[in-house]
Amino acid sequence: MATTKIELAKAIYEKHGGISFREAKRIVDFILDTLRTRLEEGDKVLLSGFGTFEVVERKARKGRNPRTGSTLIIPARKSLTFQPSKLLTNAVNGKDE
């Protein structure tokens, strides 16, 4: 099961009763838009206790078409990586560290 933006907004709304659901949705949208903008600008995004998002450059490389066996060039591109924090990794694995 996946959690959606609406479910995140609903969780914020239910936990902090002083704001409306619409405001909670705006908060989620604002956070995600800010993260996207920072990554588009090439910044590393570090969320303490959660993890690090980073854009990395992938070099062009040779590849092989599995159907025909012919060689081809895979173009250079940018890729997004995520490195979870130790706290998140431990939480997912049920450890209290």
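Biologist: At 17% relative accessibility, does Ser85 count as buried or exposed?

Modeller: This is a predicted model. Buried means under 20% relative accessible area. Ser85 has 17%, so the residue counts as buried.

Biologist: Where does Ser85 lie, and which residues does Ser85 touch, not counting residues up to four places away in sequence?

Modeller: Ser85 lies in the loop between β5 and α3 (86–92). Leaving out residues up to four places away in sequence, the residues that Ser85 touches are Gly49, Phe50 and Gly51.

Biologist: Which backbone nitrogen lies 3.1 Å from a polar atom of the Ser85 side chain?

Modeller: A polar contact is a pair of N or O atoms within 3.5 Å. At 3.1 Å from a polar atom of the Ser85 side chain, the backbone nitrogen is that of Leu88.

Biologist: Why do the buried residues of α2 line one face of the helix, and within what arc do they fall?

Modeller: The buried residues in α2 are Ala24, Val28, Leu35 and Leu39. Seen down the axis of α2, they line one face because their directions fall within an arc of 45°.

Biologist: Which exposed residues does the face of α2 turned away from its buried side carry?

Modeller: The buried side of α2 is covered by elements including α1 (5–15), β1 (45–47), β2 (51–58) and β5 (77–84). The face turned away from that side carries the exposed residues Arg22, Arg26, Phe30 and Glu40.

Biologist: How far does α2 reach from its first C-alpha to its last?

Modeller: Helix α2 spans residues 21–40, which is 20 residues. At 1.5 Å a residue, 28 Å is expected. The reach of α2 is close to that, at 29 Å.

Notes:
Residues numbered from 1 in each chain as written. Predicted model: local features only at pLDDT ≥ 70, side-chain atom pairs only at ≥ 80, totals over all residues. Heavy atoms only, no water. Helix = DSSP H or I, 4+ residues; strand = E, 2+ residues; numbered from the N terminus. Expected span 1.5 Å × (residues − 1). Buried < 20%, exposed > 50% of the residue type's maximum accessible area, 1.4 Å probe, protein only. Arc of directions from axis to C-beta. Contact = heavy atoms within 4.5 Å. Polar contact = N/O pair within 3.5 Å; in protein donor to acceptor, adjacent residues only side chain to side chain.
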